[in-house]
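Good morning, colleagues. Please keep the sequence and the model in view as I speak.

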Amino acid sequence: MKAIRLTLLLISMAPMMGLAQNNETSTNNKLGLGVRTSVFQISDFEYSDFPPNRLMINYDAIEHLRIEAQFGMYRSDDNQNAGATGLRPIDQRYGYALGLHYIHKVDRIKFAAGLRYLISDFSNEFIDFSATGNKIAIDREKSSGIGVVLGGEYFLAKWLSIGAEIAVNSSMMKFTPAATSMTDDYTKNITLTESSVMFRFYPF
């Protein structure tokens, strides 16, 4: 909860910080490149859903409309359970997102509110200790959903901004077990509430 309060504080303080400055650092650059890192999230952690840390690219097509794409991934090697088999199971997830946002500009600050469509693909490798010999088996998850987004960014310079964001994502996850697994496939609704800090560079 402290992280959520911090994110809300950053957004609420942005107008006061901007009004204390002139327009010299406001930007008309349309193309932004950036990174976002998750500060806090509430989710069903058994299904980690979308990668919380992502690369971003956004384009302000017109005065009040922003198109934004995101990509994230993570990978981990399960060496602990490899033992003497010599096998190295890998967990990896890829996430993609595309959003449309309404933008309102006040001096150094740009406020954003909009919708985001997210797709995620997760593969969980594990060692199958079967009678036919040890081998790698793979469980898979695929998720897609819609997120509601509220945030803002403060321009430190014409080409650099720092921002904060709160989002609520609702998605449908489909689980497909490995062929040798005794588990059945199923679908599950997931709701993820997350806050994040973002850094953007505006070259153009």
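The model is predicted: local features need pLDDT of at least 70, side-chain atom pairs count only at pLDDT 80 or more, and totals for chains, interfaces and linings use all residues. Residues are numbered from 1 along each chain as its sequence is written, and side-chain values use heavy atoms, with hydrogens and water left out.

Strand β6 supplies four lining residues, the largest share; strands here are DSSP runs of E, at least two residues, numbered from the N terminus.

Which charged residues of the lining take part in salt bridges? A salt bridge is a side-chain nitrogen of Lys or Arg within 4 Å of a carboxyl oxygen of Asp or Glu, and the search finds twelve. Glu 153 pairs with Arg 66, the closest N and O atoms being 2.8 Å apart. Glu 153 lies in β6 and Arg 66 in β3, so the pair ties together parts 87 residues apart in sequence. Glu 153 also forms a salt bridge with Arg 200, at 3.7 Å between the closest N and O atoms. Glu 165, for its part, meets Arg 36 at 3.4 Å, N to O. Arg 36 and Glu 165 are both buried, that is, under 20% relative accessible area with a 1.4 Å probe and protein chains only. Arg 36, Arg 66, Glu 153, Glu 165 and Arg 200 are among the residues linked in a network of salt bridges.

I close with the aromatic contacts. Rings of Phe, Tyr and Trp (its six-membered ring) pair if their centres lie within 6.5 Å, and planes over 60 degrees apart count as edge-to-face. The structure holds four such pairs. Trp 159 and Phe 201 form an edge-to-face pair, 6.0 Å centre to centre with 70 degrees between the planes. Trp 159 lies in the loop between β6 and β7 and Phe 201 in β8, so this pair joins parts 42 residues apart in sequence.

Key. Rings of Phe, Tyr and Trp (its six-membered ring) pair if their centres lie within 6.5 Å; planes under 30 degrees apart count as stacked, over 60 as edge-to-face and the rest as tilted. Buried means under 20% relative accessible area, exposed over 50%, partly exposed in between (1.4 Å probe, protein chains only).
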